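Please walk through this structure with the text below. It moves from backbone to core, then to salt bridges and a pocket.

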Amino acid sequence: MKVKRLFCLLLICLVVVSCGTDEVQEEFDETPNQPKETLTQIKDVFGKSIRDFNVLPENDPSSNKENLQMAIDWASKTGSALFVEPSDQPYHVQGGLILKKNVSLLGVHGPTPRGTINPNQKGNPVGSVFKITDRRNPFITVESGTQIKGIQFWYSDQTINDPVKIIPYPATIKASQTSNAQGVYLSCLTFYGEYLAMDFNCPIEHPCELITFEHCYGYPLSGEFIRIDNCYDIPRLLHCHVNPAVQRFVGGQYAPSVVDAVTTNKTFAFTINHTDNAQLIDIFTFGTYGGVFLGGDTYGQLTNFNLDCVAIGIHKKGNNTFNRNWQIAQGSIIANVGNDVRDIHPIVIEGEGHTALTNVEAFSGANPALTTVKENNSWDFMLVGGDKKLTISMYGCRMRNYFSDNPITILNKNAVIYANGCIDKNENLFTLP
């Protein structure tokens, strides 16, 4: 009986919904202009379209920049969002934009690694896409209370296969250097052909705070994807991915010679300096010299990471013993890039402070996407340098494919190192002391 009654109620609901839909459709049919107006109203809920400010794919980049800046100035007064309306052709925009306080710039995408495709014009990404060719100015500088989400940034003139022709573009997204950029949210962004993706190196007189980088994909030809300096409230780097195949469907995967050129810059994909309690979760990089650099005046947590085809996976420093401590867990490092195997170390620790390593593994091997050392090994698992007292604890670390006799190279006589439940390259138990 209850089942029958429930069935009747569901049937009534379906009829009501169907009738409502028919009434709406009848109203649209009676008023030809209604659907267009309704669509505009829907867009305005999510943000006023940049097309309403005459930012158009057919415009020249200078006009689009002027019009987009006008839209941003308008949106700043009310804290409005601007909708980057999807198109079969990208919006060609000159750099030098200022995303003023309170403004959100919203597109339609999640991250789009490998690229979106125009079926009628290969090599041309579609959707919410900014085409960038400006070689002098950062594309967009962000102020406080701003958001950029769901957008693709395409450097259409960048080389794919000739390292000599790499164009050193300024940063795509840059923190304000003249005001404190606080509360900035960067999400679901994809970069194609960038040289430096996101530059949050701030002057000490204008520090940044509470910056979130989430679901961002790219392959910076400088080797630097995100860099942060003078961030005095927690920055969050979440689910970010650096890989030379990120624009495979747009222009093709980067040639091994280009990837080799990136590694010779001796830069790190993720660099953290002068920062309070940084959070790095689910971080990936491939084909950069360094994975993550943790400067002397930083502390925080790095978890769930994969640093693939690097020379140095993690380089951790420390300038005091009080709060220059990092908890590093649940990750793998493949260190095999460089000219000399003696220079390849999955982990480098120096300075002062404490480093806690839990369930971190390292291994090595060949990879056709770039040039690896002939030994296809790292030199060791970890290099401990400096001359000041530092402390390291290791639990459950798996260490293999290193060339030296010992997994840890200890150059610092004042280092205190404890290892338990770790496995060396011969699959034997390794403990210290």
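Start in strand β15 (residues 268-286), where Asn277 sits; helices (H or I, at least four residues) and strands (E, at least two) are DSSP runs numbered from the N terminus. The model is predicted: local features need pLDDT of at least 70, side-chain atom pairs count only at pLDDT 80 or more, and totals for chains, interfaces and linings use all residues. Residues are numbered from 1 along each chain as its sequence is written, and side-chain values use heavy atoms, with hydrogens and water left out.

Asn277 has a positive phi, near 45°, and is not a glycine. Its relative accessible area is 22%, so Asn277 is partly exposed (buried is under 20%, exposed over 50%, partly exposed in between, with a 1.4 Å probe and protein chains only). Leu210, in strand β12 (residues 209-218), also shows a positive phi, of about 50°. Most residues other than glycine have a negative phi, and most peptide bonds are trans. The bond from Leu432 to Pro433 is cis, with omega near -5°. Pro433 comes in the segment after β27 (429-432).

Now go inside. The largest nonpolar core holds 104 residues. A nonpolar core is a set of buried Ala, Val, Leu, Ile, Met, Phe, Trp, Tyr and Cys residues joined through side-chain atoms within 4.5 Å. Strand β15 gives the most to this core, with eight residues. Another core, of seven residues, lies apart and includes Phe268 and Tyr289.

Which residues pair by charge? The structure holds 10 salt bridges, each a side-chain nitrogen of Lys or Arg within 4 Å of a carboxyl oxygen of Asp or Glu. One joins Lys100 and Asp73 at 3.1 Å, N to O. Lys100 lies in the loop between β4 (97-99) and β5 (104-106), and Asp73 in helix α3 (residues 61-76), 27 residues apart. Lys174, Asp199, Glu224 and Arg227 form a salt-bridge network.

Last, the largest pocket. Its volume is about 330 Å³, the space filled by probe spheres set on grid points joined across faces, edges and corners. A pocket is an open set of points on a 1 Å grid over the protein atoms alone, where a 1.4 Å probe fits, with protein on both sides within 12 Å along at least five of seven lines; lining residues have an atom within 4 Å of a point. Here 13 residues line the pocket, and Thr264 and Lys266 are among those nearest its centre.
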